[in-house]
Amino acid sequence: MALPPEQNPTFIREVDEELRREELLRIWRSYGVWIVVAVVAILLGVAIWLYMDHRSTSAAAARGERYDAVVHDLSSGQKAKAAPELAELSKTGGAGYGTLARLEQANILLDKGDLKGAAAKFAEIESDPAVAEPFRQLATVRRTYAEFDSMKPSQVIDRLKALAVPDSPWFGSAGELVAMAYMKQGKRTEAGALLSKIAQAENVPDSLRQRVLQLAGVLGADASAAAATDEATAAEPAANEQSEGNTTR
């Protein structure tokens, strides 16, 4: 026997679907315009965001190309040609390339022997809160280098002591200046110990490592032996592997 209409599942489903259609029509009549406005606003916002992101990326790429061209001019000795572009990048290059351009301007003054001008330029970068902390720290080190001869040793140590530590990215440069300040104070033991640590650090350039090794040798510190020990220790695994390979063959 067939079920009464009120108990027929198909009939109940059709009624539910009709009610949902009526509810959707009611919502559309009441809020349809606002729904359309919201969808259009979302799509417009996404489009604007994509455009601005593309524009920002393109601008950053253009600034990068301009900075690379400036670096090429500087490396080839064409400082006069690079100067106007550096001045423009320092104003329009943002926190990234703009800061690099300002650092290059200060370095040029330093190379010319204009210590006061270079120190002032480095001080501007150092005190600029918009500049990333590593660049501000670099400016501190470079400013101290420019002002070293006019500063008291204690002032050099106080300014750079937070950077003259092994976990600092500027340990080598800052540590060398602090060690030289110790030498001015007659603290040869402290200077030698710090130079030895710099010689053993992994994140310092070879040119700086050789320089501090020479200074440490003058002070009688055994930095060269420590560095040689580290190199021998690092070479042991490779030597062992080679020996094992020869044995296998």
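Visitor: Is Arg 209 buried or exposed?

Guide: Arg 209 is buried, with a relative accessible area of 13%. Buried means under 20% relative accessible area, exposed over 50%, and partly exposed in between, with a 1.4 Å probe and protein chains only. This is a predicted model, where local features need pLDDT of at least 70, side-chain atom pairs count only at pLDDT 80 or more, and totals for chains, interfaces and linings use all residues. Residues are numbered from 1 along each chain as its sequence is written, and side-chain values use heavy atoms, with hydrogens and water left out.

Visitor: Which residue does Arg 209 form a salt bridge with?

Guide: Asp 206, with the closest N and O atoms 4.0 Å apart. A salt bridge here is a side-chain nitrogen of Lys or Arg within 4 Å of a carboxyl oxygen of Asp or Glu. Asp 206 is exposed, at a relative accessible area of 57%.

Visitor: Where are Asp 206 and Arg 209 in helix H9?

Guide: They are three residues apart in helix H9, so about one helical turn separates them. Helices are DSSP runs (H or I, at least four residues), as are strands (E, at least two), numbered from the N terminus.

Visitor: How many salt bridges does the count come to?

Guide: Seven by this rule. One of them joins Asp 128 to Arg 102, with 3.0 Å between the closest N and O atoms. Asp 128 is in the loop between helix H4 (115–126) and H5, and Arg 102 is in helix H3 (residues 97–112), so the pair ties together parts 26 residues apart in sequence. Arg 102 counts as buried, at 16% relative accessibility.

Visitor: What about Arg 143 and Glu 126?

Guide: Their side chains meet in a salt bridge at 2.6 Å, N to O. Arg 143 belongs to helix H5 and Glu 126 to helix H4, so this pair ties together parts that are 17 residues apart in sequence. Arg 143 is buried at 15% relative accessible area, and Glu 126 counts as buried at 19%.

Visitor: Which residues do salt bridges that share partners join into one network?

Guide: Glu 126, Arg 143, Glu 147 and Arg 159.

Visitor: Changing topic. What volume does the largest pocket have?

Guide: About 300 Å³. On a 1 Å grid over the protein atoms alone, a pocket is an open set of points where a 1.4 Å probe fits, with protein on both sides within 12 Å along at least five of seven lines; lining residues have an atom within 4 Å of a point. Grid points are joined across faces, edges and corners, and the volume is the space filled by probe spheres set on the points.

Visitor: Which residues are closest to its centre?

Guide: Of the 18 lining residues, Val 141, Arg 142, Ser 173, Glu 176 and Arg 211 are the closest to the centre of the largest pocket. H7 gives the most to the lining, with five residues.

Visitor: And H7 itself, is Gly 172 buried or exposed?

Guide: Gly 172, which lies in helix H7, is buried at 5% relative accessible area. Leaving aside neighbours within four places in sequence, Gly 172 is in contact (heavy atoms within 4.5 Å) with Ile 198, Val 204 and Leu 208.

Visitor: Which residues of H8 are buried?

Guide: Ala 191, Gly 192, Leu 194, Leu 195, Ser 196, Ile 198 and Ala 199.
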